[in-house]
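Below are a few notes to read beside the coordinates.

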Amino acid sequence: MTNPDLRAAQGTAIVVGGGAAGLTAALALAAAGASVTLVAPERRPDPRTTALMDGSVNVLKMLGVWPRLAENAAPLKVMRLIDGTRRLLRAPEVAFSAREMELDAFAWNVENLHLNAALDTAVSDAGITRIAAQLVDVANGSDHVDVTLDSGRTLHAGLLVAADGRDSAVRRALDIATHPRSYPQVAVTATLAHTRPHGDISTEFHTETGPFTLVPLPGNRSSIVCVVGAAEAERLIGLDPDAFARAMELRANSILGAMRLESPRGSFPLSAGTAERLNSGRAVLMGEAAHVIPPIGAQGLNLGIRDAATLAELVADALRAGGDIGGSTIGETYERRRRADIGARTFAVDLFNRSLLTSLVPVHGLRGLALWLMQSAPPLRRAVMREGVGPTRDVPRLVAGRPL
Ligand SMILES: Cc1cc2nc3c(=O)[nH]c(=O)nc-3n(C[C@H](O)[C@H](O)[C@H](O)COP(=O)(O)OP(=O)(O)OC[C@H]3O[C@@H](n4cnc5c(N)ncnc54)[C@H](O)[C@@H]3O)c2cc1C
């Protein structure tokens with residue numbers, strides 16, 4: 001490469017990974033003015049759904065994705081928490097309403113099939129170069145980064161964005177450690193049709209093995225995330241479709257009437273872990289390459305979308321200043337701005353999950369007290385709702401619905 005080529009590479013970004021986080025990052029970086037190449041092998045079918053918080057919907061609106069998705073998304077206007085344990089100290093039922101926060105909805109739930117399809121179309125409409133390959137190696141240089149693909153081809157860019165998921169090859173190549181934690185639980189997922197309307201209400205039953213959550217989808221349909229022990233997960237997955245639907249209806253106390261299985265079932269062992277560093281030289285980690293969090297409280301991809309929005313903002317500012325988009329300041333600022341959000345949500349989800357699993361009565365009492373306080377103190381309830389939807393400080397411009 002000649003020197004002018006290297007200088008040109010400083011305004012270019014390679015995004016590795018074509019999951020929802022990588023696709024969003026590619027679009028956001030292109031909107032910031034970078035020249036983007038997306039390295040994305042074919043995706044496996046994903047039967048899950050994603051509840052996109054209000055701020056994530058703002059990002060998708062700003063990137064032109066939302067109009068392609070809105071008709072397939074259902075609003076979550078009320079979130080209801082029900083203590084479904086059979087313990088001595090049980091929490092009161094609590095309902096949070098989006099109206100209390102002057103929002104139309106806390107979040108919008110969409111099948112990942114539709115989400116990824118809308119993102120794919122937007123990526124292709126944005127003219128982003130897409131290469132169907134796997135990354136096999138990375139070489140971080142002072143003025144550019146080299147990426148080697150399994151085809152043997154080498155690409156050069158000013159910035160490398162690792163969105164290649166929880167087993168990130170980029171993270172390994174850069175020798176960045178994570179400290180993965182596993183939980184004795186598995187999330188069983190499915191989409192079910194039901195005879196009664198959900199009324200745009202998401203209901204979360206807290207049980208001794210973890211939450212059982214019903215999340216509205218368009219029509220008389222809901223997705224479920226049923227967190228249970230490994231043996232029970234295996235049993236549920238092995239049931240015939242009608243018996244499975246009946247088992248879900250029983251867990252839901254029939255609040256949505258009779259149920260019918262509409263999708264393949266998924267089974268996801270719970271784990272958590274955050275990369276020790278989110279940047280190294282000209283590379284940054286995002287999405288599950290950076291942080292894995294149990295599927296409780298719908299936080300995982302929402303964090304990934306905020307990673308993308310933050311990075312795009314830094315890149316837009318660097319380009320406006322005529323600078324290098326992969327310089328060390330960008331990586332370090334990204335690391336500093338993302339740490340608190342990722343740390344706070346990982347901590348809260350872990351604490352909540354452990355409070356359900358423990359047999360310690362005082363912990364059940366504390367959880368019950370916290371929920372009772374939320375039920376009876378509107379200011380506290382609103383503060384918790386605001387934090388649950390997204391951070392209130394250092395909000396990236398796209399998340400706030402403002403242009404880059
Ligand atoms: C049951 C369940 C329910 C969930 N519900 C929600 C929810 O309601 N709301 C929410 O916000 N989050 C939710 N999440 C979390 C969310 O699904 C994840 O955060 C999200 O899918 C992670 O996206 P990603 O793009 O980072 O990773 P992935 O989707 O894993 O994508 C990584 C991509 O990288 C590619 N790749 C891998 N290796 C390479 C390589 N060497 N080279 C190139 N490409 C590579 C893979 O092919 C893959 O397509 C849920 C998770 C689970 C398990």
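Of the 33 residues around the ligand, which come nearest?

1. Gly17, Gly19, Gly165, Gly287 and Gly300 come nearest among those 33; a residue is near a molecule if its C-beta atom, placed from the backbone, lies within 6 Å of it. Two or more residues each are given to this shell by helix H2 (20–32), strand E3 (49–53), strand E13 (181–194) and H8. Helices (H or I, at least four residues) and strands (E, at least two) are DSSP runs, numbered from the N terminus.

2. This is a predicted model, in which local features need pLDDT of at least 70 and side-chain atom pairs count only at pLDDT 80 or more, while totals for chains, interfaces and linings use all residues. Residues are numbered from 1 along each chain as its sequence is written.

3. H8 contributes the most to the ligand shell, with 4 residues. Helix H8 covers residues 300–320 and reaches 31 Å from first to last C-alpha, close to the expected 30 Å (1.5 Å times one less than its number of residues). Because 18 of its 21 residues are buried, H8 is largely enclosed by the rest of the structure; buried means 20 or more other C-beta atoms within 10 Å of the residue's own, with C-beta atoms placed from the backbone. After H8 comes Gly322, with a positive phi near 75°.

4. Leu29 touches Ala13, Val15, Ala34, Val36, Ala312 and Val315, leaving out residues up to four places away in sequence; contact requires C-beta atoms, placed from the backbone, within 7 Å.

5. The protein has 11 helices and 21 strands, and its C-alpha trace spans about 70 × 45 × 40 Å along the principal axes. Buried residues account for 49% of the 404.

Terms used. Buried ≥ 20, exposed ≤ 12 C-beta atoms within 10 Å, placed from the backbone. Contact = placed C-beta atoms within 7 Å.
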